[in-house]
Amino acid sequence: MWRRMPGAEYGRVTEIIAGLSMSPLEILALLGAVALVVARWLPPAARPRVTIVAGAVLLLSAIVLSVAGIRWQMLPVLAGAASTVPFALSPLLRRRTGRPAWRARWWLALPGSVACVGLIATGPVAAWAFPVPVFPEPSGGFAVGTRVVQWTDPHRPETFTADPDDLRTVVVQLWYPAQQSPAGTRRAQYLGRTEHEARTVSEALARGVGLPGFLVDGVPRAHTRSVFGAPVAGGGERFPVVLFSPGSGGVRTQNTAWAEELASHGYVVAALDHPYDSAAVVLDDGRTITTETASTGDPGKDDELAAGWTAVRAADLSFVLTQLDALGRGEIAGPLTGRLDTGRVAVTGHSMGGAAALQAARQDRRFDAVIDLDGYPHGPTSPSLGRPTLALTQAITPGTDPRYLPRLTEALKSSTATSYRLTIPGAAHLTFMDGPLYLPPVPSIVGSLGRTESPRVVAAATLAFLDATLRAKPGDLAGVLPAYGTLSVHHPDNSH
């Protein structure tokens, strides 16, 4: 519906204003609609001028929005204005024809005016509840570039299909420290390499949670803070690597704000799509693979299924690390050749991706640190974790799975390295991804930290841990992390 048109003028009028959740053109249309209703109640001398100006502003705004593409949130605004137009223009037309102007009694006009204002007000409320996400400006010293690669593991058959010749393929998006791009350079599309891919993924995500796709149709219109294909930052520095696995049904881009913040501080983030688990994965040949994982309702069976899916994800993470190592050493050609330090690697994930990160670290000693973003530890608990681990969690409530905290605590306590659990006040499960940027600010859904604070807190705690574990920056994590929540520290169990 809202397609960014060629030319800088359209870029300006359709750019969403953070906080207002509307573009300048939408705000003009809104003001015109309100003024058209209010004109009825102005003194007779001012009424015609205000009606004409408000009508002209509304009409011109609506025409340009129709060309650029009208968001569904603007439909109540236009409907309220359309209901007002006959009553606003009738006195003007009668006067021009010499007939006496007719106006409804105030006690008849007031309910209609209130109803129209209420309908118009629905527009900005809907835009606030379901906005086009505005991504925070990364705070680090690097600009951020991004690119997408697709790799096939020649040693692993695809277990989700019956074709014995089908090999496991993953799609990976990289965010990396980049050179500053010229002013006005188009920023990367959110959710996909193209708008078509972004819409495909957005519709699949909406179906996965049972929402009509139009409610979140602002999400694929968003642009992030990174630039596709931007040149890697100069200087020859080798950057630590952070691998990321999304939640169940999630996609590689679901933590873009977090990834861009890390990249701006000198990390390369590699986020995975897991085909047949992620909501939608668009392959290089144009095929789209949608999710085939679904719970059965039987707790025992679901635990078994989740453990199997987690194992596939863990194997995907190890395979991608192998590919990144080859890329860093020049065995795979690419702009990041020679710039990846795969001797300093963290594995991370959200929800089921967090469980996969824990499993990958147990099985693959190349991972130096682990971050679990509110993920229940599916799968076996042995061997014990032997790497520093940070688990970020929401507050544990009576509605939380009662097995979650004991299971997570068991995994952290049995580690042979110091581990940390940081409970972030006001967080919900979706606080740990991009959800707060575009979902309704309902505390039970996205927490109560807000659209600005949610990504900041999660990224800041993550960076503190990564800087200490991968870069050996001086400082006491036990003293730094409590700035972001309630900290529990688990020191190594010497019996292991």
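This is a predicted model: local features need pLDDT of at least 70, side-chain atom pairs count only at pLDDT 80 or more; totals for chains, interfaces and linings use all residues.
In general, the strands of a sheet pair through backbone hydrogen bonds, in either a parallel or an antiparallel sense. Both senses can be followed here. Strand 2 and strand 5 (residues 268-273) are antiparallel and pair over 5 bridges; within this pairing, Val-171 has Asp-273 of strand 5 as its bridge partner.

Parallel pairing is found around strand 10 (residues 389-393). On one hand, strand 9 (residues 369-373) runs parallel to strand 10 and is joined to it by 4 bridges, with Thr-389 of strand 10 as the bridge partner of Val-370. On the other, strand 10 and strand 11 pair in the parallel sense over 5 bridges, and Ala-391 stands opposite Arg-421 in strand 11. In a regular strand, side chains alternate between the two faces of the sheet. In strand 10, Thr-389, Ala-391 and Thr-393 point one way, while Leu-390 and Leu-392 point the other way, and all are buried. Because 5 of the 5 residues of strand 10 are buried, the strand is largely enclosed by the rest of the structure.

The structure holds 9 aromatic pairs. One of them joins Phe-135 and Tyr-190: the ring centres are 4.8 Å apart and the planes meet at 65°, so the pair is edge-to-face, a class that requires an angle over 60 degrees. This pair links distant parts of the chain, since Phe-135 lies in the loop between helix 5 (106-129) and strand 1 (143-157), and Tyr-190, 55 residues away, lies in the loop between strand 2 (167-178) and helix 6. Phe-135 has a relative accessible area of 1% and is therefore buried; Tyr-190, at 1% relative accessibility, also counts as buried.

Tyr-190 takes part in a second aromatic pair, with Tyr-438, which is tilted, at 6.5 Å centre to centre and 55° between the planes. Tyr-438 is in the loop between strand 11 (419-423) and helix 11 (443-446), whereas Tyr-190 is in the loop between strand 2 and helix 6, so the pair ties together parts 248 residues apart in sequence. Both Tyr-190 and Tyr-438 are buried. Elsewhere, ring pairs link Trp-72, Phe-130 and Phe-214 into a cluster.

Rings also meet charged groups. The charged end of Arg-40 sits over the ring of Trp-41, 4.5 Å from its centre, and that of Arg-471 sits over the ring of Tyr-267, 4.2 Å from its centre.

The largest pocket contains about 1,400 Å³ of space. Its lining consists of 50 residues, and those nearest its centre are Val-209, Gly-247, Ser-248, Ser-351 and His-429. Helix 6 (195-208) and helix 8 (299-329) each contribute at least two residues to this lining.

Conventions: Residues are numbered from 1 along each chain as its sequence is written. Side-chain values use heavy atoms; hydrogens and water are left out. On a 1 Å grid over the protein atoms alone, a cavity is a set of points where a 1.4 Å probe fits but cannot get out, and a pocket is an open set with protein on both sides within 12 Å along at least five of seven lines; lining residues have an atom within 4 Å of a point. Grid points are joined across faces, edges and corners, and a volume is the space filled by probe spheres set on the points. Rings of Phe, Tyr and Trp (its six-membered ring) pair if their centres lie within 6.5 Å; planes under 30 degrees apart count as stacked, over 60 as edge-to-face and the rest as tilted. Buried means under 20% relative accessible area, exposed over 50%, partly exposed in between (1.4 Å probe, protein chains only). A charge sits over a ring if NZ of Lys or CZ of Arg is within 6 Å of the ring centre and within 35 degrees of the ring normal. Two strands pair if DSSP finds at least two bridges between them.
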